[in-house]
Amino acid sequence: CPRGICAGPQGQIFVCDSHNHRIQVFTRAGKPLRSIGSQGTGPGFFDEPTCVAVDPKGRMAISEGGNARVQIFDVHVASPSVLRTRCALSGADVQDVATRGGQSGW
């Protein structure tokens with residue numbers, strides 16, 4: 001069942017397909033383009049993604065209920081890899097647990 005939805009910088013539509021543990025990507029007209037991820041706990045895998053956001057630079061943040069984390073991807077590449085992962089360890093504490101690409105912030 002879809003939950004979160006947003007538009008990307010090039011007009012693509014990103015939808016959290018929570019029940020199928022993936023992100024679906026569509027054209028503005030609704031034509032399916034691709035899926036990102038599948039069920040799991042490692043980088044690039046999801047457990048009930050619930051919210052998606054894409055910034056103007058094409059970095060996509062996906063929050064997951066089951067894995068209690070946010071993963072950040074670059075949507076401009078054909079097969080997005082995880083740029084950064086943040087996990088909620090307890091309450092409001094958030095700790096950086098993995099970084100790729102040497103970027104800070106998002």
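This is a predicted model: local features need pLDDT of at least 70, side-chain atom pairs count only at pLDDT 80 or more; totals for chains, interfaces and linings use all residues.
1. Overall make-up. The protein has 9 strands and 0 helices. From the N terminus on, its elements read β-β-β-β-β-β-β-β-β. The protein has 106 residues, and 38% of them count as buried. Take the contacts between residues at least 6 apart in sequence: 30% of these join residues at least 24 apart.

2. The four-stranded sheet. Here 4 strands make an open sheet, with antiparallel pairing. Their order is E1-E2-E3-E4. Strand E1 (2-7) and E4 are the edge strands. Each has a single partner strand, so one side of each lacks a neighbour in the sheet. On average, neighbouring strands of this sheet are turned by 20° against each other, direction ignored.

3. E1 against E2. This pairing is antiparallel and uses 4 bridges. Pro 2 stands opposite Asp 17 in E2. The two strands, E1 and E2, form a hairpin with 5 residues between them. Look at Gly 11 in the turn: its phi is positive, at about 90°.

4. E2 against E3. These strands also run antiparallel, joined by 5 bridges. Ile 13 faces a residue of E3: it stands opposite Phe 26.

5. The largest nonpolar core. Which members of this core touch the most other members? They are Phe 14, Ile 23, Val 52, Met 60 and Ile 62, out of 14 residues in the core. Four strands each supply at least two residues of this core: E2 (13-17), E3 (22-26), E5 (49-54) and E6 (59-64).

6. Phe 14 in detail. Leaving aside residues up to four places away in sequence, Phe 14 touches Ile 23, Val 52 and Met 60, among others.

7. The aromatic pair. The count comes to 1 aromatic pair. The rings of Phe 46 and Phe 73 have their centres 5.9 Å apart and their planes at 55°, so the pair is tilted. Phe 46 sits in the loop between strand E4 (32-36) and E5, and Phe 73 in strand E7 (residues 69-74), so the pair ties together parts that are 27 residues apart in sequence. Both Phe 46 and Phe 73 are buried.

8. Phe 46 on its own. The C-alpha atoms of Phe 46 and Ile 36 are 9.4 Å apart in space, and the two residues are 10 apart in sequence.

9. Gln 71, a buried polar side chain. Gln 71 belongs to strand E7. Why does Gln 71 count as buried? Its relative accessibility is 0%, and the cut-off for buried is under 20%. A polar atom of the Gln 71 side chain lies 2.8 Å from the backbone oxygen of Phe 45.

10. The surroundings of Gln 71. Again setting aside residues up to four places away in sequence, Gln 71 touches Gly 42, Pro 43, Gly 44, Phe 45 and Phe 46, among others. Other contacts of Gln 71 include Met 60, Ala 61, Ile 62 and Glu 64. Val 82, Arg 84 and Thr 85 are also among the residues that Gln 71 touches.

Definitions and conventions: Residues are numbered from 1 along each chain as its sequence is written. Side-chain values use heavy atoms; hydrogens and water are left out. A nonpolar core is a set of buried Ala, Val, Leu, Ile, Met, Phe, Trp, Tyr and Cys residues joined through side-chain atoms within 4.5 Å. Buried means under 20% relative accessible area, exposed over 50%, partly exposed in between (1.4 Å probe, protein chains only). Contact means heavy atoms within 4.5 Å. Rings of Phe, Tyr and Trp (its six-membered ring) pair if their centres lie within 6.5 Å; planes under 30 degrees apart count as stacked, over 60 as edge-to-face and the rest as tilted. Two strands pair if DSSP finds at least two bridges between them. Axes are lines fitted to C-alpha atoms, for helices over the stretch in contact, and angles run from 0 to 180 degrees between N-to-C directions. A polar contact is a pair of N or O atoms within 3.5 Å; within protein, one must be able to donate a hydrogen and the other to accept it, and residues adjacent in sequence count only if both atoms are side-chain atoms.
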